[in-house]
Amino acid sequence: MPALNIDFTEEEMTKLRSQAAKESVSMKTLAHDAVLSEVHRRKVTAAAMRTARISAGLNKRLATK
């Protein structure tokens, strides 16, 4: 299975360990889920921005009626 090695500072690792403990998950699970969640968030944001750009003219016309 492909893997990804990521470097963190000691302070960052402390925060990650603390969060993993709060969620009762492993560090690996926490990192995996966080990365996938961020990728999804970025896709949704990009789609929303595209939709807003494409719809700008329509929204302007609808607002004046």
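Where does Ser18 lie? Ser18 lies in helix H1. Helices here are DSSP runs of H or I with at least four residues, strands are runs of E with at least two, and both are numbered from the N terminus. At 35% relative accessibility, Ser18 is partly exposed. On that scale, buried is under 20% relative accessible area, exposed is over 50%, and partly exposed is in between, with a 1.4 Å probe and protein chains only. One distance for Ser18: its C-alpha atom is separated from that of Asp7 by 17 Å, with the two residues 11 apart along the chain.

Some ground rules. This is a predicted model, where local features need pLDDT of at least 70, side-chain atom pairs count only at pLDDT 80 or more, and totals for chains, interfaces and linings use all residues. Residues are numbered from 1 along each chain as its sequence is written, and side-chain values use heavy atoms, leaving out hydrogens and water.

Now the whole chain. The secondary structure comes to 2 helices and 0 strands. The radius of gyration is 20 Å, well over the 11 Å that the globule rule gives for 65 residues, so the chain is more spread out than a compact globule. That radius is taken over C-alpha atoms, and the rule is 2.2 Å times the number of residues to the power 0.38. Along the principal axes, the C-alpha atoms fill a box of roughly 55 × 30 × 20 Å. Of the 65 residues, 6% count as buried. The chain exposes about 6,100 Å², and carbon and sulfur atoms supply 60% of that area. Accessible areas come from the Shrake-Rupley method with a 1.4 Å probe; for residues, only the protein chains shown count as cover.

Start before H1. Leu4, Ile6 and Phe8 make a nonpolar surface patch of about 310 Å². Patch residues have over 30% relative accessible area and no salt bridge; like charges are joined within 9 Å, and nonpolar side chains (Val, Leu, Ile, Met, Phe, Trp, Tyr) within 5 Å. Phe8 sits in the segment before helix H1, which covers 10-23. Phe8 is partly exposed, at a relative accessible area of 38%.

Next, H1 itself. H1 has 14 residues and reaches 20 Å from its first C-alpha to its last, close to the 20 Å expected at 1.5 Å a residue. The expected span is 1.5 Å times one less than the number of residues.

The term means a side-chain nitrogen of Lys or Arg within 4 Å of a carboxyl oxygen of Asp or Glu. An α-helix has 3.6 residues a turn, so residues three or four places apart point the same way. Both partners are exposed: Glu11 has a relative accessible area of 55%, and Lys15 has 54%.

What comes just after H1? Ser24 does, with a positive phi of about 55°. Ser24 is not a glycine. Most residues other than glycine have a negative phi. Ser24 is in the loop between H1 and H2. At 67% relative accessibility, Ser24 is exposed.

On to H2, residues 27-63. How many salt bridges does the structure hold? There are 3. Glu38 forms one with Arg41, the closest N and O atoms being 2.6 Å apart. Those two lie 3 residues apart in H2, about one turn of the helix. Glu38 forms another with Arg42, at 2.9 Å between the closest N and O atoms. Glu38 and Arg42 are 4 residues apart, also in H2 and about one turn. Salt bridges that share partners join Glu38, Arg41 and Arg42 into one network. Side chains of opposite charge can pair when their charged atoms come close.

How accessible are these partners? Glu38 is partly exposed at 28% relative accessibility. Arg41 is partly exposed too, at 44%. Arg42 is exposed, at 55%.
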